[in-house]
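Please look over the model below before reading the points that follow.

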Amino acid sequence: MIILGVILLVIGFVTGISILWTIGIILVVIGLILWVLGALGHAVGGRNHYW
């Protein structure tokens, strides 16, 4: 999710499409939150690890 967000950020920046930029930021933030929760030991989606 983080990688997809970064890809959308880059594409949105290069092409100037603001909706891709916005979606990219949202995906990066959600991905980071899930990653941190998984690293802290919380079950994410019923799993012990995010990956």
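**Notes on the predicted model**

1. The chain has two helices and zero strands; helices (H or I, at least four residues) and strands (E, at least two) are DSSP runs, numbered from the N terminus. The model is predicted, so local features need pLDDT of at least 70 and side-chain atom pairs pLDDT 80 or more, while totals for chains, interfaces and linings use all residues. Residues are numbered from 1 along each chain as its sequence is written, and side-chain values use heavy atoms, without hydrogens or water.

2. Of the chain's 51 residues, 20% count as buried (buried is under 20% relative accessible area, exposed over 50%, partly exposed in between; 1.4 Å probe, protein chains only).

3. Val6, Val10, Phe13, Val14, Trp21, Ile25, Val29, Ile33 and Leu37 make a nonpolar surface patch of about 830 Å². Such a patch joins nonpolar side chains (Val, Leu, Ile, Met, Phe, Trp, Tyr) within 5 Å, from residues with over 30% relative accessible area and no salt bridge (a side-chain nitrogen of Lys or Arg within 4 Å of a carboxyl oxygen of Asp or Glu). Areas follow the Shrake-Rupley method with a 1.4 Å probe. Helix 1 (2-15) and helix 2 (18-39) each give two or more residues to the patch, and helix 2 supplies the largest share, five residues.

4. Val29 lies in helix 2 and is partly exposed because its relative accessibility is 42%.

5. There is one aromatic pair, counted for Phe, Tyr and Trp rings (six-membered ring of Trp) with centres within 6.5 Å. The ring centres of Phe13 and Trp21 are 6.1 Å apart with planes at 40 degrees, so the pair is tilted (under 30 degrees is stacked, over 60 edge-to-face, the rest tilted). Phe13 is exposed at 62% relative accessible area; Trp21, at 38%, is partly exposed.

Notes
Patch = residues over 30% accessible without salt bridge, like charges linked within 9 Å, V, L, I, M, F, W, Y side chains within 5 Å.
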